[in-house]
Amino acid sequence: MRLLVLGGTAWLGSQLVQTALAQGHQVTCVARGSTIPEGAELVRLDRDQADALHTLGTARWDAVLDVSRQPGHVRRAARYLEPYARHYLFISSGNVYRDLSVAGTTEKAPLLPPLEADIMQSMEDYGSAKVACEEAILDQFTEQRATILRAGLIAGPADPTDRTSYWPTRMLDPHRRTPAIVPDALEQDVSMIDVRDLAAWAIDLLETQTSGIYNAAGERHSFAEHLRVARSMAEHAPALCRAPETWLHEHGVQQWAGARSLPLWLTENHMQGMNAMDNSLAVAAGLCTRPLQETLRDAATERLARLASDPWRSGLQPHEEQELIAALATTRPVG
């Protein structure tokens with residue numbers, strides 16, 4: 001196939017390009033950056049410019065792959081490329097759903113209102129922006145020529161957020177043998193899809209000309225099981241120091257991701273279902289996911305290799321964790 005990837009320089013886009021090239025497809029990347037996987041063609045364009053894609057002329061494509069979060073980018077791309085592309089595959093997000101407070105959200109669940117603006121100004125608009133992107137594609141390509149993958153949490157080697165690499169790396173880090181502080185919420189669901197599995201499935205869907213809307217989510221595990229798998233890979237796994245959720249908030253520990261956080265921990269009830277979307281349609285359409293241990297092992301191996309030179313983007317720094325454990329020890333025993 002002749003594929004046009006709108007992006008291709010960042011984590012997911014690069015994985016899509018690598019996977020397509022490995023399958024023998026011809027890939028052209030449209031991006032502002034200059035670093036793309038070897039073997040792909042680069043067309044340097046800035047999609048913020050209204051007529052940027054006109055540079056492509058009337059070239060024909062078997063499919064377009066797009067990961068954008070900006071409605072203006074997608075509206076212009078879908079409108080311009082519709083006469084020249086047979087199919088459009090878009091990586092959306094589970095954040096498009098209006099209600100993620102319960103487990104088992106299906107593709108039929110109500111969506112957020114679409115963002116009217118072309119530019120998403122903050123992450124608060126992320127879900128609505130992705131809804132607007134989906135609508136733009138369906139308006140131009142219809143459901144017969146479009147594939148929309150509503151991704152759950154994406155995991156694996158080189159995760160730029162460190163959300164999914166923090167726990168296995170923390171358990172395997174030979175320089176952190178002290179107890180690991182964890183939220184006392186181990187019954188919560190955790191679900192992630194390996195970036196390599198998502199990319200492989202996306203290319204498979206294009207090869208089989210499969211259209212439709214799918215929740216691209218991984219298998220559900222409890223937080224306790226997630227930590228058990230992460231600890232099982234370490235020869236000398238650290239003990240777990242469970243801290244009450246309210247206590248963590250009082251001590252400035254954030255949920256989900258970012259600085260001074262405990263990644264994957266969710267305390268907002270309206271978001272609990274993000275880690276428990278129904279992926280049965282995706283599995284029926286060929287989604288195959290690797291074992292959790294493989295994803296965590298590979299993520300940790302890659303992260304450990306650059307730990308000394310690349311600071312954590314999510315999680316607790318060693319000194320932060322030690323301060324918290326010391327404070328917690330005054331109210332309850334460690335263990």
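Trainee: Which residues does Leu149 touch, not counting residues up to four places away in sequence?

Mentor: The partners of Leu149 are Leu89, Phe90, Ile91, Ser92, Ser93, Leu198, Trp201, Ala202, Leu205, Tyr214 and Ala216. Contact here means heavy atoms within 4.5 Å. This is a predicted model, in which local features need pLDDT of at least 70 and side-chain atom pairs count only at pLDDT 80 or more, while totals for chains, interfaces and linings use all residues. Residues are numbered from 1 along each chain as its sequence is written, and side-chain values use heavy atoms, with hydrogens and water left out.

Trainee: Does Leu149 count as buried or exposed, and what makes it so?

Mentor: Buried means under 20% relative accessible area, exposed over 50%, and partly exposed in between, with a 1.4 Å probe and protein chains only. Leu149 has 0% relative accessibility, so it counts as buried. Leu149 is found in strand S6. Strands are DSSP runs of E with at least two residues, helices are runs of H or I with at least four, and both are numbered from the N terminus.

Trainee: And Glu134, buried or exposed?

Mentor: Glu134 is at 2% relative accessibility, so it is buried as well. Glu134 sits in helix H3. Leaving out residues up to four places away in sequence, Glu134 touches Phe90, Ser92, Val96, Leu111, Ile148 and Arg150.

Trainee: What is the order of the seven strands in the open sheet?

Mentor: The order is S3-S2-S1-S4-S5-S6-S11, with parallel pairing. Two strands pair if DSSP finds at least two bridges between them.

Trainee: Which are the edge strands, and why are they called that?

Mentor: They are strand S3 (41-44) and strand S11 (212-216), as each pairs on one side only.

Trainee: How do you know that S6 and S11 pair?

Mentor: They have five bridges in the parallel sense, and at least two are needed. In S11, Tyr214 is the bridge partner of Leu149, and Gly212 stands opposite Thr147.

Trainee: Why is S11 described as largely enclosed by the rest of the structure?

Mentor: Four of its five residues are buried, so the description holds for S11.

Trainee: What makes H2 and H3 roughly parallel to each other?

Mentor: Axes are lines fitted to C-alpha atoms, for helices over the stretch in contact, and angles run from 0 to 180 degrees between N-to-C directions. H2 and H3 pack at an angle of about 10 degrees, with their axes 8 Å apart. Angles under 35 degrees count as roughly parallel, over 145 as roughly antiparallel, 65 to 115 as roughly perpendicular and the rest as oblique. H2 and H3 are therefore roughly parallel.

Trainee: Which residues of H2 and H3 meet?

Mentor: Pro71, Val74, Arg75, Ala78, Arg79 and Leu81 in H2 meet Ala129, Ala132, Cys133, Ala136, Ile137, Gln140 and Phe141 in H3. By class, this contact of H2 with H3 has 10 nonpolar, one polar and two charged residues. Nonpolar covers Ala, Val, Leu, Ile, Met, Phe, Trp, Tyr, Cys and Pro, charged covers Asp, Glu, Lys and Arg, and the others, Gly among them, are polar.

Trainee: Why is the meeting of Arg145 and Glu82 called a salt bridge?

Mentor: A salt bridge is a side-chain nitrogen of Lys or Arg within 4 Å of a carboxyl oxygen of Asp or Glu. The side chains of Arg145 and Glu82 meet at 2.7 Å, N to O. This pair links distant parts of the chain, 63 residues apart: Arg145 is in the loop between helix H3 (126-141) and strand S6 (146-151), and Glu82 in the loop between helix H2 (71-81) and strand S5 (88-93). Arg145, with a relative accessible area of 22%, is partly exposed, and so is Glu82, at 23%.

Trainee: How many salt bridges are there by this rule?

Mentor: The count comes to 24. Another one joins the side chains of Arg196 and Asp298, at 2.9 Å, N to O. Arg196 is in helix H5 (residues 195-207) and Asp298 in helix H9 (residues 292-305), 102 residues apart. Both Arg196 and Asp298 are buried.

Trainee: Where do Arg290 and Asp197 lie?

Mentor: Their side chains meet in a salt bridge at 2.8 Å, N to O. Arg290 lies in the loop between helix H8 (280-284) and H9, and Asp197 in helix H5, so the pair ties together parts that are 93 residues apart in sequence. Arg290 is partly exposed at a relative accessible area of 23%, whereas Asp197, at 8%, is buried. Salt bridges that share partners join Asp194, Arg196, Asp197, Arg290, Glu294, Arg297 and Asp298 into one network.
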